[in-house]
Amino acid sequence: MATEIKTLNPQSVWGYFYELTQIPRPTGQMDAVVQYIVDFGNGLGLETQKDAVGNIIIRKPATPGFENRKVVTLQSHLDMVPQKNSDVLHDFMRDPIDAYVDGDWVRARGTTLGADNGIGVAMAMAALADTALRHGPLEALFTVDEEVGMDGANGLKPGFVRGEILLNCDSEEEGKLFVGCAGGADLNISFQYKEGLPFIEGDVAVRLFLSGLKGGHSGVDIHLGRANANKLMFRFLKEAVRDYGARLAFVSGGSLRNAIPREAEAVITLQKSNVEILWELVSDYQDLYRTEYAGVEEGISFTAEIADAPCVLIPEGIQDDLINSVEACQNGVVTMLHDFPGTVESSSNLAVVNSSEGLIEIKILARSSSESRKAALLSSLESVFSLAGAKVEYGGAYNGWQPDAASPILKTMERVYEGMYGQKPEVTVMHAGLECGIIQGVYPNMDMISFGPNLKHPHSPDEAVSVSSVGRVWEYLKSTLANIPIQ
């Protein structure tokens with residue numbers, strides 16, 4: 001039962017996390033969870049404010065004797081990524097998350113869990129509610145709509161936050177202190193045409209479905225080499241069109257710009273004489289993909305079935321330009337960082353491809369911790385699709401967060417960690433986007449660190465968070481707050 005989550009230790013953190021799982025909070029649907037946080041702050045009798053975009057700040061006075069410490073801001077985002085397996089009936093706009101305990105892990109049945117960033121929110125709430133906690137002046141910043149466009153952070157204004165130190169609780173590897181992150185930008189690509197071509201009488205329509213991929217977070221999981229459903233589907237489509245005369249009527253893959261696409265489907269038409277060989281081709285590609293991704297993807301499924309005849313087909317010229325440009329599009333890791341071995345510097349995620357009448361839309365999220373490399377990657381991607389005759393627009397750009405080697409809070413947190421565990425934490429940068437870079441632009445003098453418990457496979461239905469790790473990170477947070485330097 002999901003309610004057993006409330007009995008996990010620390011009960012304060014898990015109790016608040018359970019309550020968050022009961023509130024639908026996909027990006028863009030923030031009203032209920034914002035009201036929940038406002039009611040929480042007011043219920044504690046703490047100063048609670050909401051800004052114009054929906055961000056909330058809750059302030060808690062210092063523990064007696066700690067009034068001269070620097071002001072700390074705990075920061076987390078309220079929204080979650082809505083991803084589910086195709087066989088799961090779940091309405092993210094209405095249904096609570098069906099979470100459960102699996103040994104040392106908390107998971108959700110067939111959907112994303114929302115530990116990204118629900119655990120960070122729950123820790124901040126627990127810190128605000130804990131009357132035994134030792135800390136200086138404390139505030140918690142809960143931002144909205146982080147997962148698509150970082151709208152909450154982008155809407156922050158000077159003066160709303162008072163903290164001199166920001167502890168971002170949106171990282172996913174215990175024992176690591178993140179001091180920088182990648183920036184990113186969206187490419188919104190479209191192929192437009194006035195009218196499609198009629199279905200050819202006597203041909204057969206076939207529905208293709210690619211599923212069973214792991215997907216995951218397009219930042220923290222991009223280095224794992226997981227398959228991108230859009231790339232696999234279009235690789236197949238190119239051969240089917242070129243060698244067997246297939247015509248494309250419909251294609252759809254992926255749903256979110258920051259999630260590696262796990263599923264894709266297409267409807268093609270072809271002559272009856274080529275249907276049998278198409279079945280063999282689909283089976284061959286399934287075997288090929290399983291071989292190529294052995295040890296990375298265990299459940300790749302590629303199937304075909306007879307479908308109803310489509311009303312129209314995508315014009316042949318548009319079809320060919322679409323297939324060739326998607327095939328040529330860079331996807332995955334592009335460059336690595338030299339200063340932080342094993343860390344991705346730049347990447348591209350071919351996140352969404354979707355066709356409708358007269359329009360084909362493609363969404364790509366490019367990331368880089370180097371602004372110049374990000375610009376170069378965006379230019380390269382733009383060139384591919386522009387050459388194919390598509391319209392390319394930029395959007396959703398956000399800056400990276402540049403490391404500060406002289407960070408006082410970094411030194412404090414290193415010392416606290418070493419005192420608790422007898423070893424130094426790893427100091428590194430994250431390829432995923434964090435709100436720190438945007439917040440730094442509004443509050444340039446704020447000292448920042450990001451940390452958090454072990455969390456696996458965010459942005460996918462395999463998302464899971466470690467129970468024991470949450471307990472250790474909670475103790476680490478409490479010790480950090482007790483050791484914040486004097487102003």
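In this predicted model, arginine 207 sits over the face of phenylalanine 209, 4.9 Å from the centre of the ring.

The structure holds 9 aromatic pairs. One of them brings together tryptophan 14 and phenylalanine 17 in an edge-to-face arrangement, with 5.8 Å from centre to centre and 90° between the planes. Both of these residues belong to helix H1, which covers residues 11-21, and they are 3 residues apart, or about one turn of the helix. Tryptophan 14 and phenylalanine 17 are both buried, too.

Tyrosine 417 and tyrosine 476 make another edge-to-face pair, this time at 5.4 Å centre to centre and with 80° between the planes. What does this pair tie together? Tyrosine 417 is part of helix H9 (residues 408-421), while tyrosine 476 is part of helix H11 (residues 467-482), so the pair links parts of the chain that are 59 residues apart in sequence.

Now for the open spaces. The largest pocket holds about 410 Å³ of space. Its lining is made of 23 residues, and the ones nearest the pocket's centre are Glu173, Lys176, Phe178, Val220 and His223. Which elements give two or more residues to this lining? They are strand S8 (176-181), strand S20 (426-430) and strand S22 (455-456). Strand S20 provides the largest share, with 4 residues. Sorted by class, the lining of the largest pocket comes out as 10 nonpolar, 7 polar and 6 charged residues.

The second largest pocket has about 270 Å³ of space. Around it are 17 lining residues, with Gln83, Gly254, Ser255, Arg262 and Glu263 lying nearest the centre. Strand S12 (247-253) and strand S13 (264-270) are the elements that give two or more residues to the lining of this second pocket. As for the classes, this lining has 6 nonpolar, 7 polar and 4 charged residues.

Notes. Residues numbered from 1 in each chain as written. Predicted model: local features only at pLDDT ≥ 70, side-chain atom pairs only at ≥ 80, totals over all residues. Heavy atoms only, no water. Phe/Tyr/Trp six-rings, centres within 6.5 Å; stacked < 30°, edge-to-face > 60°. Buried < 20%, exposed > 50% of the residue type's maximum accessible area, 1.4 Å probe, protein only. Lys NZ or Arg CZ within 6 Å of the ring centre and 35° of its normal. 1 Å grid on protein atoms, 1.4 Å probe; cavity = no way out; pocket = protein on both sides within 12 Å on 5 of 7 lines; lining within 4 Å. Points joined across faces, edges and corners; volume = space filled by probe spheres on them. Nonpolar A, V, L, I, M, F, W, Y, C, P; charged D, E, K, R; others polar.
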